[in-house]
Amino acid sequence: MVMTMVSIVPEITRRSITELIRKGERADGRSPDDYRDIELEVGIIEKAEGSARVKMGNTQIMIGIKPQIGEPFADTPNVGVLMTNSELLPMASPTFEPGPPDERSVELARVTDRCLREGKVIDLEKLCIIEGEKVWMIFLDLHVLDYDGNLMDAAVLGSVAAILNTKIPTAKVENDKIVIDEENFMELPIKETPLMCTFAKIGGELVIDPSLDEENIMDARISIGMREDGSICAMQKGGEMPFTNEEIIKAIGITSQKTGELRKHLK
Amino acid sequence: MIFVEDKNLVVPGDVLADDEYHTGRGTFKEGNKICSSLVGLVAVRDKKISVIPLQSKYIPKRGDVVIGEITDIRFSMWNLDINSPYSGFLPASDVFGKEKRDLSKAFDVGDVLFLRVVDVDEVKKVKLGLKGRGLGKFRGGILIYITPTKVPRLIGKKGSMINMIKDETKCDIIVGQNGVVWVKGKPEMERIAERVINMIEDQAHTSGLTDRVRNMLYELLGKEIEDEEEVPEPDIEEG
């Protein structure tokens, strides 16, 4: 049985946050569609081929990328592999426990993975070395260092930045053997830069980039992943309450504007 | 012989003094030297040397007044989170006397109470009580969490700091010894009080704090008054 630790939110905190949001304000002074301050650093891990650290307010995630040569999946013999894993470190929050990954960790990894994979960040076909035998496998690891809400947006932003930062050694085929050239590096073949926006529904209103306090009291949450041209590549809904059509369409509209602003951090 | 000055920042293992001084809180003796066991500021009082930690968790002490949140209802008591590694309990008899009643009708999960620590036993079971002036359930307002060592600084000498914030923002403010602060007033004043309290927590170890707090309050309120110039401010009743 998996028991997720539920933090009990004091009734008065719930009420004060909800009332502020109904008035179009937020506890930390932001407006409903404002992100917290974002800091993005790349290339911070020397031993990894690509890395990034992203801070969104007090939320902090470190991302590392390691490539490896492996066999492709049987149904896609000419395509490289991108794998995302996440780790919620116990030091990040009192509700994170050591041990096998829990629901939240699996969700974070899967949603990030879907956004990157369906968003076609990397042209995976170019990572094929010998069709059906050897391809590059890209392992992307998310380490949550500090948790103050909205892990998904930070994870996707950081992952894309880390992928853009990655340089892998070049591999050649000589006499049916793979020779890795550790002198010449190549950048990963980038196709798109999808990004994600998460909204929380509190008191019937939508707020972007929910903080931990807001996440604890939200009725529902929706995350939307979007490519640069405005097409949607991933969507994830959480929480107990439903969204109306209008709310989702409104969220998509804000996402196309906000992913544009977030994309500036990648440059 | 002393190797540090009052209010110096030290880390665990720093040698503070030799054995002509007495060990206080946050220190230990290694041979004939007194060392720090914490990250914090040195406090020298006569011949007693102690270290006040920069950050701490609340350790319950009998007689403290604390702010707690109800996390669970049991057969004859409420369980409360008192912002501490140890949780507290409030016996139903303390509220109902000998009468038997449904506990959730008095206080429910998520309610916030102002309580007194009645007793702490050897295994740190914390018994809480509601007997006393001003103790009971909070209605409305916001909660702010600060590190418990900063509580004396927030209150100030004879309440000078906290009274200044109360007077300027016209908010009701109650500070629990466990680092939970309850503020109730006009919503925009609550936000100002929150910012000021967070600033005090940030800079509690520096001197001249009261003046900076006053300046910050005037600055924040000055803006407020300019904004509301056309509307005469209604009288706010205390309590």
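Which residue is the bridge partner of A:Met83 in S6(A)? The bridge partner is A:Phe139. The model is predicted; local features need pLDDT of at least 70, side-chain atom pairs count only at pLDDT 80 or more, and totals for chains, interfaces and linings use all residues. Residues are numbered from 1 along each chain as its sequence is written, while chains are lettered from A and ligands numbered from 1 in the order in which they are written.

Confidence was examined for chain A. Its average pLDDT (the predictor's confidence in each residue, from 0 to 100) is 92. A score of at least 70 is reached by 97% of the residues. Among the elements of chain A, strand S2 (residues 50-56) has the highest mean pLDDT, 96. Strand S8 (residues 177-187) of chain A has the lowest, 86. Helices (H or I, at least four residues) and strands (E, at least two) are DSSP runs, numbered from the N terminus.

Strand S6 (residues 134-146) of chain A pairs with S3(A), residues 59-70, through 11 bridges. Two strands pair if DSSP finds at least two bridges between them. S3(A) and S6(A) run antiparallel, and A:Ile63 stands opposite A:Leu142. Strand S4 (residues 81-88) of chain A runs parallel to S6(A), with 8 bridges. Strand S5 (residues 128-130) of chain A is antiparallel to S6(A) and joined to it by 2 bridges. Here A:Ile130 faces A:Lys134. The hairpin of S5(A) and S6(A) has 3 residues between the strands. In this hairpin, A:Gly132 takes a positive phi near 80°.

Helix packing was examined next. Helix H2 (residues 103-118) and helix H3 (residues 151-165) of chain A pack at about 45°, with their axes 10 Å apart. Axes are lines fitted to C-alpha atoms, for helices over the stretch in contact, and angles run from 0 to 180 degrees between N-to-C directions. The angle makes H2(A) oblique to H3(A); angles under 35 degrees count as roughly parallel, over 145 as roughly antiparallel, 65 to 115 as roughly perpendicular and the rest as oblique. Residues of the contact (C-beta atoms, placed from the backbone, within 7 Å) include A:Leu108 and A:Val111 of H2(A) and A:Ala155 and A:Val156 of H3(A).

Chain A also meets chain B. In this contact, 11 residues of chain B touch 7 residues of chain A. Strands S8 (65-73) and S14 (142-145) of chain B each supply at least two residues of the chain B side.

Conventions: Two residues are in contact if their C-beta atoms, placed from the backbone, lie within 7 Å.
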